[in-house]
Amino acid sequence: MFKLLSRYANPLDLMHFGIMGMNQRNVNYIGRYNKRKLYPLVDNKLKTKEMAIAHHVTTPKLLGTIKNQHDVTNFLKIIGDNQEFCIKPAQGSGGKGILAITSRQDTLFIKASGQGINNHDVRRHLSNILAGLFSLGGKPDIALIESLIHFDPVFDGYSYEGVPDTRVIVFQGFPIMAMMRLSTAASDGKANLHQGAVGVGICMRTGKAVRAVQHNDPIKFHPDTDKNLFELKVPHWLEVLTLAASCYNMSGLGYIGTDIVLDRDLGPMLLELNARPGLAIQTANNAGLLPRLRLIEALPNRQSMSVSERVAFARDHFGVFES
Amino acid sequence: MVSRGVFYVVTAILFVVGILFIGYQHVTFEIPFTPGQMRKVWTVEAKVEFEPTGSGAATVDLSLPAVQPGVTQLKQSTAGLGFGTTYIYHDDGASYVQWTKRNPAGLQTLYYRADFLMDDTAQDSSMTVPELKQNVEPEPYLTAMRSIAESALQRSSNPFSLAVQAISIINSNTEESTLLLSSYKKPELLVHILELAKIPSRIVGVLTLEDGRRNRNLSPRVAVFDGTQYEIFNPFTGDSGVGPNELIWNNHDGSILDIQGGTNAQVSFSIIKNSMSASEAGHLKVETMQASGKDVLSLSIDTLPIEEQSLFKSILLLPIGVLIVVFLRILIGIKTSGTFMPVLIAMAFLQTSLLVGLIGFVSIVCIGLIVRSWLSHLNLLLVARISAVIITVIVLIGAISIITYKIGLTEGIKVTFFPMIILSWTIERMSILWEEEGYREVLKQGGGSLFVAVCAFLAMNSEVIQHITFNFLGLQFVILALVLIMGNYTGFRLTELKRFKPLSQKIIEAHEQGVPYEADRLNAKRKELKANPHQTIKKWEEEHKLKEDPLNPQNESDK
């Protein structure tokens, strides 16, 4: 009996540490601060992109969209001479249906994994996206073709296949907590923690790694590349936080997860927004979200603060390392 | 955003209304909270036979059964070939059924039939206090009666004990009683003696109820009054009260049967015992009350036609399944494939029985997944693929029905109760899940769904729950209130306690190594801020200026 109980955390401890549970998040944060009518802005990547362009928020370049089945044959025209590109469903979730092509050899398209696929396979993938295979509830969808992101060389060795991205939780325009998600062989190149990606908690003040976890267990080295994860430091950290914080002004959603990638040439870019960000970020940071969120809720002048003031506030109060 | 206060008030109102409604139905309709309670219902048929005198019209008055405590009359009907029927209710409590016919010929038979519910809550009585008559019996009987009355009066303290004493003297073979009994019947004699003692009394007819008896007659009893109180005495034995299987038929001064234009009239009773479910009896009783003009609000499924009732029976169970899904998802955190798919599966289990349902469900989903994996190689469009899966599921269900029927397992036919579209979507979703997240997640969600379905089935299959949901509509309000309250739960799910165990452990370990809790630091800041917002913010701004920023653009470029 005692053994069974010891597998469960004491709820009083969790409350003391301010760890947020699913119900708490849904009722008190998502339900209260995210207006339902704004959801389509983040659930549809095309709309997010249009909105980002309008607000001068950097995003990967859109090469074109495919909206109908008969446009599928046009995709060669859309990609033109681009040797590398990325196909995404506009309403995909959890990284489903993303096809990244890193180079072309004659008629073959080479995927990030090195596997070559032909024209027919790409079209089939596009058809699947349009039919709603990857979208929530199987709704018909749109395929986006974007230019490929070249991730910053400082991340070399930190990620297996996929792009390492930075997830920043933004509450009322304040960056609250951040982590990097590094894909692994176990996660099949995807950045989802529950599929086996590595989560690295990031100090809000410095951009340095605080702690790394895979499958809830703390680790020190990347399982595939053996790189020391504690040496990780996100470059352009101030810009990353500023970009994340400005997503609140842009979307109007009070509680969002912003996924930011660092491009070698173009710097931090907004990849997508998530109106229902997950809770695993707490495990990666070894800290609960609630004390940070509650401090912001107690701030009387939060609505009148500028983006840079909000970022400064977050860095002053939510940092783990002092310098 | 609706304020919390309003929310709690609305929820509380729903809850209270539900409970009150349940209470109302329990009290008014006497619906028990547990199923299977039966009530005794006696069907009594009075048969009246007479020969017409041959000259013109005949009128027959049969006294109607009395309203009395412990018994509720549910319905009555009459039959008589060519007779007109009227019910006559007099102010003095006497009531009759009157049959009339212009030219009866030959032996006439009339029937009156009524159902009586044995009902402890019935308190009404139609008995009226009789007028006290002057005893005008001839001598020597009067003297004998007076002597009995006087000795009974000496040995008694009130009208009832006086009646008991009088009965015992009458039955004691004294000279006087022998004399009196030679010309009086016992009940009649008792009434005359009581007249001398100035106690009003009356002879009433009582029918003893025994199952399957025919040609019964009323037996006479004497009702003795003390003011408006009365008690029934058996003049032959001196016993008081009415037995549990005795029915007072005739409780007024009139005769049981009056006939004009006929002779050789006689009435006899036959009796059948039925039992009826308590809720059915309750509804019949309310119907009778409504028929007699009492205002009773009837909001029950029982008023619908039978076919709709059986439909409602399953619809009203759904909220129970939904409640269980809400509980298991919000408080426990079990993952299911499709939110309410488990409830629909559980509904199908109700039709098939659990074991057959489980075997059928698992085999259909497994075969469906195999077919679906082959379909995914064909690169079909979504709608076509789902349609193909639906057709496959239907073929599978058909095949299972036929094969099991052929080998003699009639249970197998019931797989047709499975919701096919839901099954197809389940297969589709699980197949995608398999491709994307691996078989573990499929087993987890599939197992979770089945677990929830079995829980919902066990709840919905319980006879008590079926009885309560069907009979008490108020329960739906209570369930609604519970669901609303659970929708407001912001605490941890049971599975989250497990999920965050490593996290809480690491935080505690770090604390033991000297790292202060971040939560404590931030909570202290929050308190400071709340106590004095402006000064605190200013103080923080000062601190900010003093701090050296490692990310200063100049510093950054140095690196």
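Author: A crossing of two helices is called left-handed if the near helix is turned anticlockwise from the far one by less than a right angle, and right-handed if clockwise. This is a predicted model, in which local features need pLDDT of at least 70, side-chain atom pairs count only at pLDDT 80 or more, and totals for chains, interfaces and linings use all residues. Residues are numbered from 1 along each chain as its sequence is written, chains are lettered from A and ligands numbered from 1 in the order in which they are written, and side-chain values use heavy atoms, with hydrogens and water left out.

Reader: Which crossing does helix 10 of chain A make in passing helix 11 of chain A?

Author: Helices are DSSP runs (H or I, at least four residues), numbered from the N terminus, and helix 10 of chain A passes helix 11 of chain A in a right-handed crossing.

Reader: Which residues of helix 10 and helix 11 of chain A meet?

Author: Contact means heavy atoms within 4.5 Å; on the helix 10 side A:R292, A:L295 and A:I296 meet A:F313, A:H317 and A:F318 of helix 11.

Reader: How many residues of domain 1 of chain A are in contact with domain 2 of chain A?

Author: Domain bounds come from an automatic or database domain assignment, which divides chain A into domain 1 (11-42 + 153-318) and domain 2 (61-147). In domain 1 of chain A, 4 residues are in contact with 4 residues of domain 2 of chain A, while 28 Å separate the centres of the two domains, taken over C-alpha atoms.

Conventions. Helix = DSSP H or I, 4+ residues; strand = E, 2+ residues; numbered from the N terminus.
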